[in-house]
Amino acid sequence: MRIETETEPKTIRRLQSNRKTQFKKKSEPYIYLLPTVILMIILLVIPIFMVIRYSFYDNVIINKNPEFVGLENFKEVLTNKSFLVAVKNTSIFVGGSLILHMILGMTFAMVLNTKYLGTKTKAIFRVIFSLPWMFTAAVIAVLWKLLLSPNGFINFLLVELNLTTSQIEWLASRDFALFSVTAINIWAGYPFFMISILAGLQGIQSELYESAAIDGANSVQSFFHITIPQLKPILISLILLDFVWTIQQFALIWMTTGGGPIDATEILSTFIYKQGFSQYEYSMASTSAVILLIICTIVAIFYVRHQRGSE
Amino acid sequence: MVGERKWYIKVITIILLMIGTIFAGFPVLWMLLNSFKPNAEIFAWPPVWISENFTFEAYVEIFNDPEKIRFFVNSYLVAFTVVILTLLVSILAAYSFSRFDYPGKNIINTIIISVQAVPPITLLIPYLGLIVTIGLYNTYGALILTYLLFTLPYAILMMTGYFNTLPKDLDEAVMIDGGSRFRALWNVLVPLSVPGLVSVGMYTFMLAWNEYLFALALTKTNEFRTVPVGISLLMGQHAYEWNQMMAMSILGSLPILLLFLFFQKFFIAGMTSGAVKS
């Protein structure tokens, strides 16, 4: 009896201290994660909640008591002519970029993977081929504005080669502007494909090619039956990532054409920026921004599934 | 037969190497050459390659203009601060992901990954209000804080992967000796992760150095503007000082070019981690 009464408080204390250490143990991973979680809440969760909320109200930000309008904003945006032009331009911009990033990336990666060059020579060419990757959008914008100016080098070349008689306004004419900004974006973005595909090519076992050669496959056949299937997971990732990045592109277009002339190069991000920051139509801007977010989210879900699947 | 095939593949390879070199290299060379020309010769027809009046004038003018130097100071300041904060926060988060199992881990992880899909322009509208409310509008703080959202996810994923390659026995050895988990992380795991930290640091630096949209919208005076915004302002101002814009572009690209040249391996490892799985 006596012994029990003496030990009881001790066990209780031990239990309590156990609980304490247990709590400490349980909370430990969350403490390490705390700065990240706080930042994610302030910078991601709250802002996304805000922008989605804005898209259901009229006169947000400017008016202190905005009016709830349900899906009216979405109706208005989806029937807005400028928005539809932006969607069309964005599709051309993204589609053109994706296809040519893939073609150029694949071609240059295969060239850099050649057996005919030494390791050092290959390394030098790899650096040269990666050059566009190292410049920020502002630099790429001024550089190409210089090259594509009516008096610029590109026009000089075309006139000298008798491909054109007049100096073309590449970025200032409605006919060429969208083509030009897409071309600039292709130049700026292909190295990411090239380097990723090159890493993929180096991971393909050479025995696969050797046994195909023994079976009498030519290089075109082994490209379609070995290279492409082996690279497939990487190629899918690249397409999905590039889609999300290109559809969000803002800086390059803003600094080359500003979305013009008129609306010839207006894409979703420049449309949203203008709605919000020069016309102060925050409800319209928020609604378009939410639409863009939905598109990106859908693609991102595919990307995450793909990444998980290939693990 | 086999020799013949090799012969034409070789020729095609050489031709493609030449095309690629011109395609990627010429615009960059042109930028460099034009930064050494007097402004009057920029649009000479036929174009001048290397001017008889070869000059460092454009660079000198940039270095003599405190406003332009300020853009560079701002960019370095913002980028380095973002790198340090990103590394600190991501080390802690990655340790949590790598060494513990707990409820909510997967959800938080998914949220962090999902950031990559969120268009910056979507966040800009609420950010403007938030940044003004916290009193950070037109400060370094506005840029540093908002850049963290885009640098952290990548940094956390990379560092978690890196910590996962380090055996758990390492931390347990420290803890058996009476050290805390924090000490195990700080004294053992972090020093072993230097290559990963370099990779993450460089990628973070590049993201912060290159960012344009937030720098444009969340600052108002040249006091806090960064190099990309500075370059774009040059495009609007003056009667197009092309040689200065080229010189500023070269100077503004130098940090990234040097990082790439000297740390190519880390750089590529970082940049391709989204698509390539080893």
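## A first look at a two-chain predicted model

Chain A is divided into domain 1 (2-54) and domain 2 (81-309), with the bounds coming from an automatic or database domain assignment. The centres of domain 1 of chain A and domain 2 of chain A, taken over C-alpha atoms, are 46 Å apart. For chain B, the assignment gives domain 1 (2-34) and domain 2 (59-271), and 35 Å separate the centres of domain 1 of chain B and domain 2 of chain B, again over C-alpha atoms.

A few words on reading this model. Residues are numbered from 1 along each chain as its sequence is written, while chains are lettered from A and ligands numbered from 1 in the order in which they are written. This is a predicted model, in which local features need pLDDT of at least 70, side-chain atom pairs count only at pLDDT 80 or more, and totals for chains, interfaces and linings use all residues.

### Confidence

The model scores ipTM 0.90 and pTM 0.90. The predictor's confidence in each residue is given as pLDDT, from 0 to 100. Chain A averages a pLDDT of 89, and 94% of the residues score at least 70; chain B also averages 89, with 94% of the residues at 70 or above.

| Chain | Lowest mean pLDDT | Highest mean pLDDT |
|---|---|---|
| Chain A | α1(A), 79 | α3 (residues 81-112), 96 |
| Chain B | α13 (residues 264-271), 71 | α3 (residues 66-99), 96 |

Where pLDDT is low, the predicted coordinates should not be read in detail.

### Where the chains meet

Two residues are in contact if their C-beta atoms, placed from the backbone, lie within 7 Å. The contact between the chains takes 71 residues from chain A and 73 residues from chain B. On the chain A side, the largest share, 15 residues, comes from helix α1 (residues 2-54). By class, that side has 55 nonpolar, 15 polar and one charged residues. Here Ala, Val, Leu, Ile, Met, Phe, Trp, Tyr, Cys and Pro count as nonpolar, Asp, Glu, Lys and Arg as charged, and the others, Gly among them, as polar.

### A covered helix

How many residues of helix α11 (residues 268-277) of chain A are buried? Nine of its ten residues are, among them A:Phe271, A:Ile272 and A:Tyr273. A residue is buried if 20 or more other C-beta atoms lie within 10 Å of its own, exposed if 12 or fewer, and partly exposed in between, with C-beta atoms placed from the backbone. The buried residues of α11(A) pack against α3, α9, α10 (251-256) and α12 (282-309) of chain A, together with α5 (120-133) of chain B.

### Backbone details

One runs from A:Gly260 to A:Pro261, with omega near -5 degrees, and A:Pro261 is found in the loop between α10 and α11 of chain A. The other runs from B:Trp45 to B:Pro46, also with omega near -5 degrees; B:Pro46 lies in the loop between α1 (2-34) and α2 (57-63) of chain B.

A:Asn162 has a phi near 60 degrees, a positive value in a residue other than glycine. A:Asn162 is exposed, with 7 other C-beta atoms within 10 Å.

Conventions:
Helices (H or I, at least four residues) and strands (E, at least two) are DSSP runs, numbered from the N terminus.
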